[in-house]
Amino acid sequence: MDLMDRFHLELYRTERATGSDPLGVILERVISPTEAIINGRPTILAGTNNYLGLTCAPECIEAAVQALRLEGTGTTGSRIANGTYARHRDLEQELAGFFDRAHALVFSTGYQANLGTISTLVGHHDFVLIDRDCHASIYDACRLSLATTIRFAHNDPESLERRLAAISGRRGAKVVVVEGIYSILGDRAPLVEVVKVASSYGAMILVDEAHSFGVLGAHGRGLCEEQGVEENVDFIVGTFSKSVGTIGGFCVSNLEACDTFRITSRPFMFTASLPPPIVAAASAALKIIRSRPELRAKLWANVELVYNGLRAMAFIVGPDPSPIIAVSMPDLFSGLAFWRALLHEGVYVNLAVPPATPHGRTVLRCSVLAVHSTEQLLSVLGAFRRVRERLLDSNRGAGPDL
Ligand SMILES: Cc1ncc(COP(=O)(O)O)c(C=O)c1O
């Protein structure tokens with residue numbers, strides 16, 4: 001079996017040849033968080049993670065420019081060598097304060113935050129119990145940890161309980177890992193029930209709030225805040241690459257273990273630290289998340305408009321309104337045709353296909369931002385309607401239902 005067969009790359013090869021590769025879209029020029037030039041045409045961006053539009057917030061840009069002028073483009077070192085500047089420490093203190101936790105650690109990406117936290121927390125004789133739909137970084141963290149990894153059914157506390165019961169007599173730490181908002185389907189973990197089950201078996205809990213930080217909760221602290229379980233959750237991991245609008249990751253906890261990761265976690269120690277402008281932008285974004293709840297309110301009003309609009313047109317969407325709205329497609333090829341036609345209409349969404357999606361599903365992953373205008377969102381809805389009509393007309397009698 002060659003590389004192309006092993007990774008099911010036939011589709012990739014075909015799409016590249018036809019010049020429309022859903023995994024290789026180039027934003028030729030970014031005009032704003034909601035618009036870019038793609039294939040030479042102005043296109044609405046409805047497939048990013050820029051939930052609050054902070055990539056272009058004047059305060060974040062100004063803070064980044066100042067830091068750039070003062071301290072340069074990079075640190076050229078890891079956090080344990082020359083890569084910890086006062087601003088890294090200050091950002092950690094701000095995060096600890098925001099989450100009301102004793103310890104906070106800033107990593108260079110969200111991916112590394114999961115890798116560095118999970119792989120250091122558990123080892124050879126321990127167990128990690130992860131929701132089946134967890135992000136690739138959580139799977140990779142489990143592999144790096146050498147712990148026994150046990151998957152439970154998605155959003156199913158009973159499935160988690162059965163697995164915890166099966167290992168209840170075994171020595172070793174047990175850590176349950178779930179996400180605040182799942183990155184492809186946009187649904188939320190049933191945290192109250194997960195916490196109840198995990199606690200009754202003495203397992204620790206880690207919640208990855210990558211897509212829910214800044215988005216859920218009265219103060220934007222995520223699903224743990226929204227569901228009132230912050231005190232029962234041992235570790236919160238997050239990223240700066242979504243609502244914060246830059247790059248980087250973090251872990252916060254009241255457990256001292258979190259602080260010891262500074263000298264035990266390889267993904268924290270053996271990579272370069274975040275450049276000064278990025279740290280400054282993240283810090284400015286955190287201040288906006290704290291001080292401007294109206295951004296979150298606008299985000300959720302926009303979510304309602306798109307979620308209800310798609311449902312009213314009988315598209316199959318995820319169970320909960322969320323800034324991530326996954327529109328189900330009958331199969332890979334109709335998904336691809338729909339995705340391509342939307343792009344032609346000037347709307348960019350993500351085409352998500354197996355193995356990145358659960359149950360072999362093909363979905364168009366749309367993301368709604370606080371800074372989308374109503375006009376843009378109505379254009380997105382209009383494009384969905386027109387594309388479906390066109391595809392149904394051209395497929396009449398032959399193709400699957402859209
Ligand atoms: C749930 C989840 N965790 C972690 C990450 C990794 O974050 P980053 O892109 O900042 O490395 C992602 C990224 O998409 C994610 O969706």
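## Salt bridges in the predicted model

Counting a salt bridge wherever a side-chain nitrogen of Lys or Arg lies within 4 Å of a carboxyl oxygen of Asp or Glu, the structure contains 14 salt bridges. This is a predicted model, in which local features need pLDDT of at least 70 and side-chain atom pairs count only at pLDDT 80 or more, while totals for chains, interfaces and linings use all residues. Side-chain values use heavy atoms, with hydrogens and water left out, and residues are numbered from 1 along each chain as its sequence is written.

## Pairs between helices and loops

R292 and E59 form a salt bridge whose closest N and O atoms are 3.9 Å apart. The two residues are 233 residues apart and link distant parts of the chain, with R292 in the loop between α12 (276–291) and α13 (293–312) and E59 in helix α3 (residues 58–71); helices here are DSSP runs of H or I with at least four residues, numbered from the N terminus. R292 is partly exposed at a relative accessible area of 32%, and E59 is likewise partly exposed at 40%, where buried means under 20%, exposed over 50% and partly exposed in between (1.4 Å probe, protein chains only).

R87 pairs with E71 in another salt bridge, the closest N and O atoms being 2.7 Å apart. Because R87 lies in helix α4 (residues 86–99) and E71 in helix α3, this pair ties together parts that are 16 residues apart in sequence.

## A pair within one helix, and a network

In the salt bridge between R143 and D140, the closest N and O atoms are 4.0 Å apart. Both residues belong to helix α6 (residues 136–145), where a spacing of 3 residues separates them by about one helical turn. Salt bridges that share partners also join R79, E92, D259 and R262 into one network.
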